[in-house]
Amino acid sequence: NGAAALTIRLEGDNTIEEVGRGIYVLAHNASTGDASLTITGSGSLNASVFYNGILVQSNSGDATLTIQNAEVTATSTYFPGVTVQAGSNSSASLTVEGGSLTATGTGSNPGIRFHFGGGVSGSGTPSLTVSENAVVKASGGAGGIFSNSGSVTPSGNGIVFDNGTGTVYGKVTLQKDLAIGEDESLTIPDNASLTIPDDTTLTNAGAVTVETSGTLTNNGTINNSGTVTNNGCLLYTSPSPRDTDRSR
């Protein structure tokens, strides 16, 4: 039926470099055919290439990229780090279940691009879903996350950084250390929470904002040289380099 599906299971550390495209899944049937890529396993992948680090493309149907538990980095010199391209009036979805995704585009390209149809503008349904405390970081000259069919609103349980602006979705417990740079921010909105467990560190050189009914729980370590604001009140301010107060 023209569909294309690929599953990659990662073990250990893996690198793709000095090639045109990193991973490319294409379903090119003229009338039907979905494209899907699943990257799973306990390993890591670093795809640093000239064009698309990861490209999942259907010219007529849906396109789906799923990352399960793995740590994936996709960087492109001339295009988005990750592209999920579907047919007109179809669905393009990116799901990160545990693990992490770091996607970087250079020049006038975003880190993650959802594209519909063959033209500049398009119509379709883009979705970005995080679960199991996943962390997504997307950055590029055209923004972190872009779609030619309207805005993309992430959902689920995890953290998403869109060109340095991070948001906590749902109830999140850090699985690994997290660093927020000088020009970056992280917001814990109403009804969301971020827990820093034992043996885990949040390093903040930018700004962390906890909204009215959001929660920041520190059972580990906060290394802070930026600002942490809770409901309009500054908890930690620069140059407080280290905080281990677990009561906040």
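## Nonpolar surface patch

Phe50, Tyr51, Tyr78 and Phe79 together make a nonpolar surface patch of about 410 Å². Accessible areas come from the Shrake-Rupley method with a 1.4 Å probe, and for residues only the protein chains shown count as cover.

The model is predicted: local features need pLDDT of at least 70 and side-chain atom pairs pLDDT 80 or more, while totals for chains, interfaces and linings use all residues. Residues are numbered from 1 along each chain as its sequence is written, and side-chain values use heavy atoms, with hydrogens and water left out.

## Loop residues with positive phi

Glutamate 18, in the loop between β2 (13–17) and β3 (23–27), has a positive phi of about 55° although it is not a glycine; strands (E, at least two residues) are DSSP runs numbered from the N terminus. Aspartate 199, in the loop between β20 (193–196) and β21 (201–204), also is not a glycine and has a positive phi, near 65°.

## Aspartate 162

Aspartate 162 lies in strand β15 (residues 155–162), and its side chain reaches the backbone nitrogen of isoleucine 145 at 3.1 Å. Beyond neighbours within four places in sequence, aspartate 162 is in contact (heavy atoms within 4.5 Å) with Ala138, Gly143, Gly144 and Ile145.

Note on methods: Patches are made of residues with over 30% relative accessible area and no salt bridge: like charges are joined within 9 Å, nonpolar side chains (Val, Leu, Ile, Met, Phe, Trp, Tyr) within 5 Å. A salt bridge is a side-chain nitrogen of Lys or Arg within 4 Å of a carboxyl oxygen of Asp or Glu. Helices (H or I, at least four residues) and strands (E, at least two) are DSSP runs, numbered from the N terminus. A polar contact is a pair of N or O atoms within 3.5 Å; within protein, one must be able to donate a hydrogen and the other to accept it, and residues adjacent in sequence count only if both atoms are side-chain atoms.
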